[in-house]
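Here are my notes on the model, point by point. Please read them with the structure open.

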Number of protein chains: 2
Amino acid sequence: MTNLEEIAKKGKEASIKAMLLNSDLKNEVLFKIAQNLETSKDFILSANEKDLADAKKMLENNEISKSAYNRLKLDENKLKDMVQGVSDISKLEDLVNKTLWKKELAEGIELHKVACPIGLIGVIFEARPDVISQISALAIKSSNAVVLKGGSEAKNTNTAIFEVINNTLKSFPGFPEGFISLVYTREDVSEMLKLDKYFDLIIPRGSNSLVKFIKENTKIPVLGHSDGICHIYIDETADINKVLKICTDAKCQYPSACNSVETILINKKVVSDILPKLCEELKNNGVLIKGDKTCLETVLGIESATEADWKTEYGEKVVSIKCVEGLDEAIEHINLYGSHHTDAIITENKGNAEKFMLMVDSAGVYHNISTRFADGFRYGFGAEVGISTNKTHARGPVGIEGLMIYKYKLYGSGDIVSDFTTHKRSFTHKTIN
Amino acid sequence: MTNLEEIAKKGKEASIKAMLLNSDLKNEVLFKIAQNLETSKDFILSANEKDLADAKKMLENNEISKSAYNRLKLDENKLKDMVQGVSDISKLEDLVNKTLWKKELAEGIELHKVACPIGLIGVIFEARPDVISQISALAIKSSNAVVLKGGSEAKNTNTAIFEVINNTLKSFPGFPEGFISLVYTREDVSEMLKLDKYFDLIIPRGSNSLVKFIKENTKIPVLGHSDGICHIYIDETADINKVLKICTDAKCQYPSACNSVETILINKKVVSDILPKLCEELKNNGVLIKGDKTCLETVLGIESATEADWKTEYGEKVVSIKCVEGLDEAIEHINLYGSHHTDAIITENKGNAEKFMLMVDSAGVYHNISTRFADGFRYGFGAEVGISTNKTHARGPVGIEGLMIYKYKLYGSGDIVSDFTTHKRSFTHKTIN
């Protein structure tokens with residue numbers, strides 16, 4: 001048995017034992033973790049200093065990006081957010097063992113559909129060390145055991161935060177051992193992806209290439225998204241002010257976010273009215289514009305877009321613009337080239353908005369609002385597990401509910417199926433309130 | 001592009017167009033299919049005759065089992081059930097575009113969580129030709145397009161039923177072309193499993209080996225179960241009458257069903273009281289019993305069980321019995337050797353029942369009732385997609401809800417995220433009733 005296999009086996013066992021933890025104890029544990037993270041501030045920040053020193057060298061040698069360096073860096077404010085995050089999660093509803101509905105199947109037979117944790121979850125993340133405390137808190141609250149694999153560039157910080165959390169867990173004698181583990185190496189990741197015997201779900205949080213690699217190399221269900229190719233379609237009756245505001249926000253407010261817009265589709269009937277003003281506004285905000293033939297004919301200073309542009313997540317201040325015949329072509333384009341993440345229509349025509357929102361096959365379909373709203377905190381979920389472009393289980397920004405599944409509890413008093421097949425008894429199927 | 005790829009592409013497109021179908025039209029289509037199946041009775045039965053003639057030869061050469069032959073055989077009664085099944089599905093609630101909840105994110109910004117179909121579903125099934133009408137009806141009701149692959153031994157019957165359904169669909173001009181397709185070959189299956197670009201879900205309905213093969217050879221989510229290793233644990237305070245009734249029903253009522261019991265665990269404190277009577281009852285019902293050392297010492301005429309027995313789904317009148325120290329060992333055994341399908345405890349101790357139901361990690365956890373109740377119709381779901389032992393999306397008997405996912409619709413009027421990050425506006429996160 002490899003080291004990771006042992007960790008996973010223990011984690012799975014801990015996930016079963018965790019079913020016995022009551023809400024009060026879990027909230028007390030979370031409260032104590034928040035407190036201990038706060039008092040261990042200097043310990044964590046000095047561990048972060050070590051990682052930052054190494055990262056600085058890598059930055060100078062162009063081995064990591066400036067933004068990766070920034071994500072790695074912790075300060076008092078980020079630590080405060082971490083503490084607040086753990087404390088916020090303690091306030092979420094405890095869904096474990098919550099009865100979703102009850103039904104009488106026949107006289108004396110009661111079926112309860114009950115929420116329960118998924119089991120053992122593997123979380124693979126890159127630079128951001130604050131993921132550890134967030135995911136650990138979610139795991140505790142939802143009674144899911146977790147194996148965390150952090151980025152090697154944050155090894156000292158990750159270890160320090162994990163130590164604070166794990167020592168807190170150990171101080172509660174009722175808390176199952178091995179509930180949260182931290183592993184370090186690439187080998188651990190390839191091992192994890194093979195262990196469908198123990199892991200019930202993998203959540204990758206990081207770059208597109210990380211998520212793609214994981215999705216392609218495991219049979220374990222993966223919750224996440226790789227591409228974020230979001231669209232805005234400017235319809236015939238779009239309000240020009242909304243167009244300028246929304247497109248600028250969706251592209252410029254945080255260009256590297258997965259919910260930023262990459263392609264703007266514009267109804268050809270409003271190209272001459274809207275496109276020049278839109279391009280001016282985007283250029284004034286430092287955006288490089290790539291356009292199709294009609295765009296190039298209408299506005300000067302636009303680069304020519306190719307087929308590849310419709311499939312590209314720029315992740316920076318670049319946008320592609322395409323003219324379309326109308327709503328149907330826009331829907332078709334988005335379903336064909338999009339990543340089923342978040343797509344918006346700008347229109348004053350409610351019927352068109354509803355058709356767009358019905359037929360665009362994406363986790364988020366928006367009317368007259370920026371795609372940047374696709375986020376668990378903005379949706380009011382309190383905590384975000386990730387954003388999913390899956391078509392099963394959980395879709396879009398995923399809150400703690402995404403870490404839950406259900407089981408059926410059936411209560412009888414010696415009931416047997418043969419009484420029903422021989423028509424001695426019959427089903428009633430009544431809802432119980 | 002292969003033939004199947006074209007079919008899948010068309011199916012995917014049809015799944016988008018199907019979003020526009022309203023409930024009335026879908027119910028009218030289902031009503032007409034039921035009617036046409038009824039009037040095409042002779043056409044379908046004579047196609048079935050051809051398959052049966054071929055199957056008879058295979059049966060004589062021991063190439064298929066008697067039960068496979070029986071599953072293939074249609075008669076007037078089975079056809080009546082098929083027609084009734086389609087008509088029943090028309091009466092289910094239409095979940096497409098149903099609002100699950102609404103929330104105000106901030107003044108003027110409304111988030112709606114809305115149910116929607118999953119998309120394109122591949123269904124791979126063996127002998128039973130009645131699966132075609134059932135799955136087609138579920139697909140129509142839930143607006144999911146479907147590619148069906150039936151067993152080659154039922155080719156004539158499948159084609160006849162499919163023709164009736166498809167001709168009905170064609171008689172409705174608003175119904176998207178290519179919404180339901182039937183394919184025939186093994187090559188189509190291997191092709192299907194590769195087409196994660198088009199297929200959103202695969203549902204295998206058939207033998208363990210079919211389901212296992214599919215789960216191991218695709219990246220597309222699979223809804224189903226391979227093994228059905230169900231347990232009954234006889235606790236210290238079990239009522240002997242319940243034990244005899246439940247164990248006999250769970251093993252003998254339909255031994256080849258996935259929800260039949262395979263292993264009975266018995267608390268060592270009640271071995272001498274209960275085991276002899278239980279073995280007598282089971283033997284009187286033609287059951288072969290395999291037991292551990294304690295069983296062999298207590299009752300004569302029991303075969304010795306080995307480690308392999310705890311992992312075996314007999315699928316016939318064979319059961320293994322093991323003595324355990326108590327509740328904890330029973331839970332441990334079930335979580336280790338079971339298939340997370342359905343497991344029961346027989347006890348008069350409510351606390352033990354609740355602990356068992358909390359800690360046994362199975363889709364169905366039962367108290368004083370036969371495992372044979374694990375079934376979509378018995379649960380009152382109206383139609384069954386299958387039984388799932390997955391830990392995500394859908395678990396246990398799956399009704400039409402298992403064919404649904406959700407999307408988020410966000411309504412604004414020119415709202416942008418930067419107004420919130422710059423604190424000009426703030427989130428309200430209020431539930432809307």
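1. The interface comes first. In this predicted model, 58 residues of chain A are in contact with 58 residues of chain B. On the chain A side, the elements giving two or more residues are β1 (99-106), β2 (109-117), α10 (240-252), α14 (350-359), β13 (364-369) and β16 (404-415). The largest share comes from β16(A), with 11 residues. By residue class, the chain A side holds 26 nonpolar, 19 polar and 13 charged residues.

2. β16(A) runs parallel to strand β13 (residues 364-369) of chain B, and five bridges join the two. One bridge to look at: Leu410(A) has Tyr366(B) in β13(B) as its partner. There is also a pairing of β13(A) with strand β16 (residues 404-415) of chain B, again parallel and over five bridges. Here Val365(A) is bridged to Lys409(B) in β16(B).

3. Which strands make up the sheet that holds β16(A) and β13(B)? The order is β17(A)-β1(A)-β2(A)-β16(A)-β13(B)-β12(B)-β7(B)-β8(B)-β11(B)-β9(B)-β10(B). That is an open sheet of 11 strands with mixed pairing. The edges are β17 (430-432) of chain A and β10 (303-304) of chain B. Each has a single partner strand, so one side of each lacks a neighbour in the sheet.

4. A helix of chain B covers part of this region. Helix α13 (residues 327-337) of chain B lies across β7 (230-234), β8 (261-267), β11 (318-324) and β12 (342-346) of chain B. Its direction is at about 140 degrees to β11(B).

5. Chain A also has a four-stranded open sheet, in the order β5-β4-β3-β6, with parallel pairing. β5 (180-183) and β6 (201-205) of chain A are the edge strands; each has a single partner strand, so one side of each is left without a neighbour in the sheet. On average, neighbouring strands are turned by 20 degrees against each other, direction ignored. Strand β3 (residues 120-125) of chain A pairs with β6(A) in the parallel sense over five bridges. Among the residues involved, Ile121(A) has Leu201(A) in β6(A) as bridge partner. Helix α1 (residues 3-17) of chain A packs on the sheet and touches β3, β4 (145-149) and β5 of chain A. The direction of α1(A) makes about 150 degrees with that of β4(A).

6. Now a helix pair in chain A. Helix α2 (residues 23-39) of chain A packs against helix α7 (residues 155-170) of chain A at about 140 degrees, with the axes 9 Å apart. That angle makes α2(A) oblique to α7(A). Their crossing is right-handed. From α2(A), Val29(A), Lys32(A), Ile33(A), Asn36(A) and Leu37(A) meet Val164(A), Ile165(A), Thr168(A) and Leu169(A) of α7(A). The contact residues divide into six nonpolar, two polar and one charged.

7. Check the corresponding helices in chain B. Helix α2 (residues 23-39) of chain B and helix α7 (residues 155-170) of chain B pack at about 140 degrees, axes 9 Å apart. α2(B) and α7(B) are therefore oblique to each other. The crossing of α2(B) and α7(B) is right-handed.

8. Last, confidence. Chain A has a mean pLDDT of 95, and 100% of its residues reach 70 or more. The model scores ipTM 0.96 and pTM 0.95.

Terms used: Residues numbered from 1 in each chain as written. Chains lettered and ligands numbered in written order. Predicted model: local features only at pLDDT ≥ 70, side-chain atom pairs only at ≥ 80, totals over all residues. Contact = placed C-beta atoms within 7 Å. Nonpolar A, V, L, I, M, F, W, Y, C, P; charged D, E, K, R; others polar. Pairing = 2+ DSSP bridges. Axes fitted to C-alpha atoms, helices over the stretch in contact; angles between N-to-C directions. Parallel < 35°, antiparallel > 145°, perpendicular 65-115°, else oblique. Left-handed = near helix turned anticlockwise from the far one by under 90°. pLDDT = per-residue confidence, 0-100.
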